[in-house]
Amino acid sequence: MHDKHGAGMKSVLVLGGAGFIGSHTCKALKQAGYLPIVVDNLVHGHIESVRWGPFEKGDISNPSDLDRVIEKYRPEFVMHFAAFAYVGESVQDPARYYQNNVCGSITLLDAMRRHGLDRIVFSSSCATYGDAGPLPILETHSQMPVNPYGFTRLVIERALADYGAAYGIRPVTFRYFNAAGADPDGELGKRHDPETHAIPLAIRAALGLGVFKVFGTDYPTPDGTAIRDYIHVSDLADAHVRALAYLDEGGKSIAVNLATGAGTSVKK
């Protein structure tokens with residue numbers, strides 16, 4: 001380990017650690033005694049959000065970037081947040097999503113093989129389930145994505161299973177529902193330009209900084225607006241830290257939904 005502040009700490013290679021969920025997880029990792037090594041190309045991430053460990057600018061699709069960082073820090077675990085995650089954009093430009101989300105992830109898995117890394121926490125999505133059937137959605141439900149983004153997540157889940165069977169890689173796969181909130185200490189938050197997420201837009205409207213528009217009022221729900229399962233980003237970060245402990249204790253490959261189990265409508 002080359003970071004003087006990380007002596008005696010288990011290091012974690014965090015791909016996409018400058019993003020919303022990745023940066024919150026890095027803070028939780030440092031508080032739990034791990035050293036997060038962030039690799040991010042800063043396409044959607046923010047360098048000022050990297051505050052709890054070393055930063056290395058690099059791209060998940062570039063094997064030399066991955067080899068350089070792994071050889072420098074010798075991490076024990078990998079966390080993979082590096083993905084494009086806009087459903088509408090994935091429909092308009094699927095090539096961009098398959099290249100980054102699928103090809104980039106395979107490049108990462110092959111780098112792990114080269115360097116003897118076998119434990120990874122992977123950020124998947126509830127989008128792998130497609131149009132939900134009976135609620136609540138369970139991990140055993142069929143996965144039938146309805147957009148390119150969801151398919152890219154499902155392809156990597158399949159690759160992880162195959163790499164696990166053939167090469168011994170052990171993943172914890174987290175299928176996120178709707179991440180929301182911000183660091184309670186005020187050190188991190190969600191930032192998009194333009195902002196497209198409901199909760200930040202609602203807060204801005206309440207502060208007199210804009211108008212909150214509701215798109216769709218004819219859903220088959222009590223108030224006619226869409227219902228989503230919102231989970232706080234700090235809870236997501238805590239789950240990732242727990243996943244490392246699980247893998248460190250010899251836990252087997254597993255896929256887990258991360259959600260509250262309770263829905264909230266847009267109007268509510």
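L42 is partly exposed, with a relative accessible area of 27%; here partly exposed is the class between buried, under 20%, and exposed, over 50%, as computed with a 1.4 Å probe on protein chains only. The model is predicted, so local features need pLDDT of at least 70 and side-chain atom pairs count only at pLDDT 80 or more, whereas totals for chains, interfaces and linings use all residues. Residues are numbered from 1 along each chain as its sequence is written, and side-chain values use heavy atoms, with hydrogens and water left out.

L42 lies in the loop between β2 and β3, and has a positive phi of about 65° although it is not a glycine. R74 lies in the loop between α2 (63-73) and β4, and is exposed, with a relative accessible area of 52%. Element names follow DSSP runs numbered from the N terminus: helices are H or I runs of at least four residues, and strands are E runs of at least two. Another loop, between β5 and α5 (148-167), holds P136. The peptide bond from L135 to P136 is cis, with omega near -5°.

The account now turns to the sheet. An open sheet of seven strands has the order β3-β2-β1-β4-β5-β6-β10, with parallel pairing; two strands pair if DSSP finds at least two bridges between them. The edges are β3 (55-57) and β10 (254-258), each with a single partner strand, so one side of each has no neighbour in the sheet. From one strand to the next, the twist averages 20°, taken between axes that are lines fitted to C-alpha atoms, with angles from 0 to 180 degrees between N-to-C directions.

Strand β1 (residues 10-15) is mostly covered, with five of its six residues buried. Six bridges join β1 to strand β2 (residues 34-40), and the two run parallel. Within this pairing, L13 stands opposite I37 in β2. The chain passes from β1 through helix α1 (residues 20-31) to β2 in a β-α-β crossover that is right-handed. The handedness is right-handed because, with the strands pointing away from the viewer, the path from the first strand over the helix to the second runs clockwise.

On the pairing of β1 with strand β4 (residues 77-80), four bridges are found in the parallel sense. L13 has V78 as its bridge partner in β4, and L15 stands opposite H80 in β4. Which way do the residues F77, V78, M79 and H80 point from β4? F77 and M79 point one way, V78 and H80 point the other way, and all are buried. In a regular strand the side chains alternate between the two faces of the sheet.

β4 also pairs with strand β5 (residues 119-125) in the parallel sense, over three bridges. In that pairing, V78 stands opposite I120 in β5. Further along the sheet order, strand β6 (residues 170-176) and β10 run parallel and are joined by five bridges. T173 stands opposite A255 in β10.

Rings of Phe, Tyr and Trp (its six-membered ring) pair if their centres lie within 6.5 Å; planes under 30 degrees apart count as stacked, over 60 as edge-to-face and the rest as tilted. By this rule there are three aromatic pairs. One of them is formed by Y34 and F77, which are edge-to-face at 6.2 Å centre to centre, with 85° between the planes. Y34 lies in strand β2 and F77 in strand β4, so the pair ties together parts that are 43 residues apart in sequence. Both partners are buried: Y34 has a relative accessible area of 10%, and F77 one of 0%.

Charged groups also meet aromatic rings. A charge sits over a ring if NZ of Lys or CZ of Arg is within 6 Å of the ring centre and within 35 degrees of the ring normal. The charged end of R96 sits over the ring of F84, 3.8 Å from its centre. R113 lies over the face of Y167, at 3.6 Å from the ring centre.

Finally, how many disulfides are there? With a disulfide taken as a pair of cysteine sulfur atoms within 2.5 Å, the count is zero. Among the cysteines, C26 is buried, at 3% relative accessibility, whereas C103 is partly exposed, with a relative accessible area of 37%.
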